[in-house]
Amino acid sequence: MGLDFKAPPRKDSKAWNVLEVLSGYGFRFHSCGCGGPGYRPRTLKDLKKFLQTELLKDPKGREVHHLLQK
């Protein structure tokens, strides 16, 4: 996941689900050493908003954007 990754507690299954989705979309926790990898959501509610914004920036995102509309 990258050098800037901080794992949630083992029992926090919701946070692990969010990380699984982020990983599946290719989001990692790398930085250039100048401020971290940027915002990464920790909740499912925040994940949906994050993906809607980030996938619109990615041409491939249009293929999966309709999945987030549900």
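Tutor: Contact means heavy atoms within 4.5 Å. Residues are numbered from 1 along each chain as its sequence is written, and side-chain values use heavy atoms, with hydrogens and water left out.

Student: In what order do the elements of the protein run from the N terminus on?

Tutor: Helices (H or I, at least four residues) and strands (E, at least two) are DSSP runs, numbered from the N terminus. The protein has three helices and zero strands. From the N terminus on, the elements run α-α-α.

Student: Which element has the lowest mean pLDDT?

Tutor: The mean pLDDT of the protein is 74, and 67% of its residues reach 70 or more. Among the elements, α1 has the highest mean, 88. Where pLDDT is low, the predicted coordinates should not be read in detail. The lowest mean, 51, belongs to helix α3 (residues 61-65).

Student: What percentage of the residues of the protein count as buried?

Tutor: The accessible surface (Shrake-Rupley method, 1.4 Å probe; for residues, only the protein chains shown count as cover) comes to about 5300 Å², of which 55% belongs to carbon and sulfur atoms. Of the 70 residues, the buried share is 23%.

Student: Which side chain of opposite charge is nearest to Arg40?

Tutor: Arg40 lies in the loop between α1 (13-24) and α2 (44-57), and setting aside neighbours within four places in sequence, Arg40 is in contact with Leu22, Phe27, Arg28, Phe29 and Phe50. Lys and Arg count as positive and Asp and Glu as negative, with His and the chain ends not counted. Arg40 is buried yet has no salt bridge, that is, a side-chain nitrogen of Lys or Arg within 4 Å of a carboxyl oxygen of Asp or Glu. The nearest side chain of opposite charge, 6.3 Å away, is Glu54.

Student: Why does Leu44 count as partly exposed?

Tutor: Leu44 has its place in helix α2. Leu44 counts as partly exposed because its relative accessibility is 46%.

Student: With which residues is Tyr39 in contact, leaving aside neighbours within four places in sequence?

Tutor: Tyr39 lies in the loop between α1 and α2, and its C-alpha is separated by 9.5 Å from that of Phe29, ten residues away along the chain. Asp46, in helix α2, is in contact with Tyr39 and Pro41, leaving aside neighbours within four places in sequence. On that basis, the contacts of Tyr39 are Asp46 and Phe50.

Definitions and conventions. This is a predicted model: local features need pLDDT of at least 70, side-chain atom pairs count only at pLDDT 80 or more; totals for chains, interfaces and linings use all residues. Buried means under 20% relative accessible area, exposed over 50%, partly exposed in between (1.4 Å probe, protein chains only). pLDDT is the predictor's confidence in each residue, from 0 to 100.
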